[in-house]
Amino acid sequence: MAPALVDYTAAEKELFEFDDLKIGVKGLVDAGVTHIPRFFIHPPECRGNNSSAPQNNGADGVEIPVIDLEGFNENDDRRVKMVNAIRYACATGGFFQIVNHGVPVAVMEEMVESIRRFHEQPQEAKMEWYSRDFSRKVNYFSSGDIKGRAKPVPAEWRDTLSCRAADDQWDFDALPELCRREMKEYLKNMIDLQEKLSELMSEALGLSKNHLSSTGYLKPMRLSSHYYPVCPEPDLTLGTIKHSDPSLLTLVLQDKGNGLQVLHNDQWVDIPAVDGAFVANIGDFMQLLSNDKFKSVEHRVLATSLGKPRISAATFFLPCAKDIHKPCGPIKELLSDNSPPIYRITSYAEFMSHYTVEGQIGVRALPHFKL
């Protein structure tokens, strides 16, 4: 028997009461729930099993590009092919995977295990980190920013450990001790990888290779470590709702579990786990700065039912904190009489004020900034 449609306004009180328990979705699973609370139930048209939400398993040839970064420092055909592949992926699908990126596989594997270790520790040990005060350097919470959204929406079947740089600096000592060593090493590698990605993406836009790094637009400023517990009713909910990212670029480390999907030509396409790869996706602010030369893309994560939790780590590359109020718009070098600006002058702070309210309920923030 199909569940009745949920009145999310009425269910919001129950969601807030659940949030006040500070047990997360993992706490529900540990308690042995066999039916998910109604505030986790999504509308039928949004669920992963809905026939009106088309799926694609690659049968018609849709594939997510895998770009090899080996030879990055060589001025030969390999680098040219690398840049061309990134340009095509960013302009068409907005999603791609990168391999031979320089981050050791051992660092990636240890990062995944450290996320698992944090989320699977005794509940009382995690509670001290549970908070929705997002001015903190570290937060542990369930679902998304449930209290900052424009309207009540279903909760998401996941828990998150979120860490951010403060004043453009990472305070590694602020990280939970249980996973500090692994996260510190991982973030150091993200900082190193940032220079490589800044060069490649600048060149892919037809700019000088130092353009994005010199502007401070592409810094690894936030890390979200997600834990998607096994769900007793995965067809009724989602791990993450359909959304686009507010970043310039997001890099995702995922374990071997599936569930990440990207919306491509109105089809949901699975993003397969590739050993040693990062999934890269263009964010909304990159689409704005590139004047639509690069396209952000909507994606989601299905709830898992495979017998073990899904784990991922998303690193968001954003403008420097000192520049978030600085006026900016489409990069002037990309504009011409034949390519006039599509978006108005704004700031990253203003952009985020729209995204925080609307982007987290699946509404695109970009239209607010079109001329």
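How are α3 and α6 oriented relative to each other? Before we get to that, keep in mind that what you're looking at is a predicted model.

Start with helix α3, which covers residues 77-92, and helix α6, which covers residues 180-204. Their axes come within 8 Å and cross at roughly 70°. Angles from 65 to 115 degrees count as roughly perpendicular, and α3 and α6 are therefore roughly perpendicular to each other. Where do they touch? On the α3 side you'll find R79, M82, V83, I86, R87 and C90, and these meet E199, L200, M201, E203 and A204 in α6. Sort the residues of this contact and you get 7 nonpolar and 4 charged, with no polar ones.

Stay with R79 for a moment. Its charged end sits over the ring of F72, 4.5 Å from the ring's centre. Elsewhere, R300 lies over the face of W268, at 4.1 Å from the ring centre.

The structure holds 12 aromatic pairs. One of them is F18 with F39, a tilted pair at 5.6 Å centre to centre, with 35° between the planes. F18 belongs to helix α1 and F39 to the loop between α2 and β1, so this pair ties together parts that are 21 residues apart in sequence. Both F18 and F39 are buried.

F40 and W157 make an edge-to-face pair, 4.9 Å centre to centre, with 70° between the planes. F40 sits in the loop between α2 and β1, W157 in the loop between β4 and β5, and they're 117 residues apart. F40 is buried at a relative accessible area of 0%, and W157 counts as buried at 0% too.

How values were computed. Residues numbered from 1 in each chain as written. Predicted model: local features only at pLDDT ≥ 70, side-chain atom pairs only at ≥ 80, totals over all residues. Heavy atoms only, no water. Axes fitted to C-alpha atoms, helices over the stretch in contact; angles between N-to-C directions. Helix = DSSP H or I, 4+ residues; strand = E, 2+ residues; numbered from the N terminus. Parallel < 35°, antiparallel > 145°, perpendicular 65-115°, else oblique. Contact = heavy atoms within 4.5 Å. Nonpolar A, V, L, I, M, F, W, Y, C, P; charged D, E, K, R; others polar. Phe/Tyr/Trp six-rings, centres within 6.5 Å; stacked < 30°, edge-to-face > 60°. Buried < 20%, exposed > 50% of the residue type's maximum accessible area, 1.4 Å probe, protein only. Lys NZ or Arg CZ within 6 Å of the ring centre and 35° of its normal.
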